[in-house]
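Work through the following exercises with the sequence and the model open side by side.

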Amino acid sequence: MTQETVYSVCPHDCPSVCALEVERIDGHRIGKVKGSKDLPYTGGVICGKVARYQERMYHPERLLHPLRRVGPKGSGQFERISWDEALDTVAEAFTRVEQQYGAEAVWPYFYAGTMGLLMRKGINRLRHAKGYSNMAGTICVGLSNPGWQAGAGGFNGVDAREMAKSEVIVIWGANVVSTQVHVMSHALEGMRNGAKLVVVDPYFNKTAQRADVHLALRPGTDGALACAVMHVLFRDGYADWDYLKRYTDEPEALEQHLRDKTPVWAAAITGLTVEAIEAFAHLYGGTKKSYLRLGYGFSRSRNGAVNMHAVSCLPAVTGAWAVEGGGALFSVSALAKVDMQLIEAKELKQPGIRTLDMSRIGDILTGDSEALCGGPPVMAMLIQNTNPVVVAPESAKVRAGFGREDLFVCVHEQFMTETAQMADIVLPATMFLEHDDIYNPGGHAVLQVARQVVPAAGECRSNHEVISALGLRLGVKHRSFDMNAWDILDESLKASGYPSAQEIHDQRGLDVSTPFAESHFLNGFLHADGKFHFRADWASLGAKAPGMSDLPDHWAVTDETSEQYPFRLVTAPAQNFLNSSFNEIASSRKKEQQPKARIHVDVLNRMGVADGARVRIGNAQGSVLLVAEAATGQHADTVVVEGLWPDESFIEGQGINLLTSSEPGYPAGGAAFHDTSIWLRPDSGY
C-alpha cells in the first residue's frame, strides 16, 4: 500500500473555504482529511463535517450509475441505464419542450452544493447558449447583499485576524461555532487579549454560550436594535463627527432621524431591556476597536435588507473603520475578479430572456403567472448542486410542482435526495476530490485551485462533463463545450490577469486581499461619491422597493405574531449538516440526534409538556410533528428548529420548510426562512 498527502480545497458553502491535506491511498482512494496550515486564515483547522469526508465519499448509498424512473414520481422506482441513454433522453426532452413551448420553458437550476466556479456556474453555459430561462440566485444572498451594498457600496471588509487587536467583538446573526469555526477561532484570540464578545441572535446557540454578552432579540427586529444603539452613540458623544463628515453621506439627517429611536422604543420591538440596549451601546461606542462580524441569519426576514443596512451603519457612526481591530466584515468574495466569460459563455447570453426567482420554485412549478413573469410554464429542468424539495420554502408547493407528470426533470446528484426521487433521469455526480476547480472565499481573500485527487467513483461524471455532453447533443457551437475543465480554469485565470492554474495550485493559493486603507475604506467606500450611505437607494438594488425606509429603521413587514399564530419560527443551521448536505451521513445524524423544536421552558411548563415530549407546530401551510427541547436564552414567543434534516427523519416524513413562506423579501427577492409565524400545541396523539 502506498500513501501520500495531497493538497485540496473544501468546496462547501462556507466562507472559510479551507485548505485541506488529504491522504491518498494507492492513488485511487482517500483516507483522512485534515486542515492545511498553508492557509493562514484557517490555520489547519477544519470542521467535523469535512474531517469525516471519507464516510461521505464511500457511503453505500452514493449514486454511481445513471438511472431512469420506472414508477410514479416520488416512488423511488428507477432502473439503471447507460450514460448515452440518459443524455439522449434529456436532450430529446429539452428539444421537445423547446419546440412546443419555446426555450424559456426549460429552466436550469443550481445553487451552492459546490462553490467551485466551474462546477457551480458552468451550467450557465448551456443556459446562455440555448436561451433557457435565467435564474435569480436569491435563496441565500437576495436579502443580505443589497443590505450591505446599500451602505458600503460594494464588498470588502476587515480581515478577521484583526480580531486579535479588537477590544469589542460583535458577532451579529451567525452561529459561527456551528457554521464558521474559524470566525470563532479568531474571536477567541481577541478574547484572550482582553476583548469582550457580544453575540446578537434570537436564541442561546453555541456561539452565544461562549459570549460575554448575549442579546436575545426577537427575530426580524435587528434594525430596531441598531437604530437604538446609534441613537445612544449620537446622544452620549460616541459619534465621531470628524469621520462622519469626511466619510459618510448625511450624518446630520441620520442623527435627526434617530431622535425618537430610543432604547425604550427599541425595547418594545426587540424584547430586550432598555438597560441591555444602553449597556451594549456604551460598550460598542466606548472603543473604536470594535469589530463587527455580520452573518446571513438576521437578513432572512422580509425586512432583512433593511436590517443588514441598519447594522452595517454602526462602525460608520463611531469611526471604527479607521483603526486596526475596528470596522466590519460581511463578505470579501468580490475581491477575486475571475473572468467568467468562458466558464459561463457569457457572449452567448441573449437579451430579453426572463429571470425566474429560485426562491419561488414552488410558485413557478405550480403555474403562478406572476412568478413565471407572464411567460410559458416550466416544462423541463436540469438541477445541479441543490435539493429544492427540502431546501426551498413552502415545500408542499415545491413537491406538488415536481409531482407534475408533464414536467421533465433531470437531477445530477451524489445521493438519492428528495429532489432526485422526483426526477425522470438521475445522473451520478463526482465529489470535489474527483474533479478540478477554482474556489473563491468570502471570509478571507485567498483564491485557491484544486486538482483532482482520486478517480471518479463508479460512473460518476462532473458537472462540467454533463453540461458539455448535453450541449453537444443539443447542437451548441461554442469552444467551451469541447474543452476539459483544467484548460477552462487555466484560461479563465490568465484572462483575469492572474497566474496559471498550476502556479496558483502549487503556491497553495493567491492572496487577493487589499491594503489596510482599502479594507478599512480609508480611500473611500465603493459608491461613486466614496461615501458610506446612511440614505439607501433601494430602487437601484431591486424592483421591490416601495415602502422601504431610506434611512435606517425598523420596517414592520415581517410575519408577526397574533392570537392565531402566537410564536415565531427560526429555522437555524445545525452544526453537523450544511443545508441538506451531510444529512445523509450516519455520524452527522447521530450527533444531531433528531429534529427538535427548541421551546422556552416557561412555555412548555404552561402547556404541561415535558422536555422530550412531542409537540405540533403549524400555520396555514400545514403542520410538523417534532420532539420538544426545553430552552432558555430566547423569548417565550420564539421557537427554533435547527438543521435541514431529510424528510424521512421527521416523525410524519415532512420537513420544516413546509411552514416557511415563499413570499419574496425586499428589494430583490430572497427567502425569509426566519420570518414565519406559527401555532404550537401538545401532540394530541391522533
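This is a predicted model: local features need pLDDT of at least 70, side-chain atom pairs count only at pLDDT 80 or more; totals for chains, interfaces and linings use all residues.

**Exercise 1. Compare the span of helix α10 with its expected value, and determine how many of its residues are buried.**

Helix α10 runs over residues 222–235 and has 14 residues. The expected span of a helix is 1.5 Å times one less than its number of residues. From its first C-alpha to its last, α10 reaches 20 Å, close to the 20 Å expected. As for burial, α10 is mostly covered, with 13 of its 14 residues buried. Just after α10 comes glycine 237, which takes a positive phi of about 85 degrees.

**Exercise 2. Describe how helices α5 and α21 are arranged relative to each other.**

Two packed helices are described by the angle between their axes and the distance between the axes. Helix α5 comprises residues 123–130 and helix α21 residues 463–473; their axes come within 8 Å and cross at roughly 20 degrees. The axes are lines fitted to C-alpha atoms, for helices over the stretch in contact, and angles run from 0 to 180 degrees between N-to-C directions.

Angles under 35 degrees count as roughly parallel, over 145 as roughly antiparallel, 65 to 115 as roughly perpendicular and the rest as oblique; α5 and α21 are therefore roughly parallel to each other. The crossing of α5 and α21 is left-handed, a term used if the near helix is turned anticlockwise from the far one by less than a right angle, with clockwise giving right-handed.

**Exercise 3. Count the aromatic pairs in the whole structure, then classify the pair of phenylalanine 521 and phenylalanine 525 and the pair of tryptophan 555 and tyrosine 666.**

A search of the whole structure finds 21 aromatic pairs. Rings of Phe, Tyr and Trp (its six-membered ring) pair if their centres lie within 6.5 Å, and planes under 30 degrees apart count as stacked, over 60 as edge-to-face and the rest as tilted. Phenylalanine 521 and phenylalanine 525 are stacked, at 4.5 Å centre to centre with 20 degrees between the planes, and both of these residues are buried.

Tryptophan 555 and tyrosine 666 form an edge-to-face pair, at 5.2 Å centre to centre with 70 degrees between the planes. This pair links distant parts of the chain, 111 residues apart: tryptophan 555 is in the loop between α24 (516–519) and β20 (567–570), and tyrosine 666 is in the loop between β24 (638–640) and β25 (676–682). Tryptophan 555 is buried, with a relative accessible area of 13%, while tyrosine 666, at 23%, counts as partly exposed.

**Exercise 4. Identify the backbone features at proline 667, glutamate 394 and glutamine 593.**

Most residues other than glycine have a negative phi, and most peptide bonds are trans. The peptide bond from tyrosine 666 to proline 667 is cis, with omega near 5 degrees, and proline 667 lies in the loop between β24 and β25.

Glutamate 394 has a positive phi, near 55 degrees; it is found in the loop between α19 (388–391) and α20 (395–402), and its 13% relative accessibility makes it buried. Glutamine 593 also has a positive phi, of about 75 degrees; it is found in the loop between α25 (586–592) and β21 (596–600), and at 55% relative accessibility it counts as exposed.

Terms used:
Residues are numbered from 1 along each chain as its sequence is written. Side-chain values use heavy atoms; hydrogens and water are left out. Helices (H or I, at least four residues) and strands (E, at least two) are DSSP runs, numbered from the N terminus. Buried means under 20% relative accessible area, exposed over 50%, partly exposed in between (1.4 Å probe, protein chains only).
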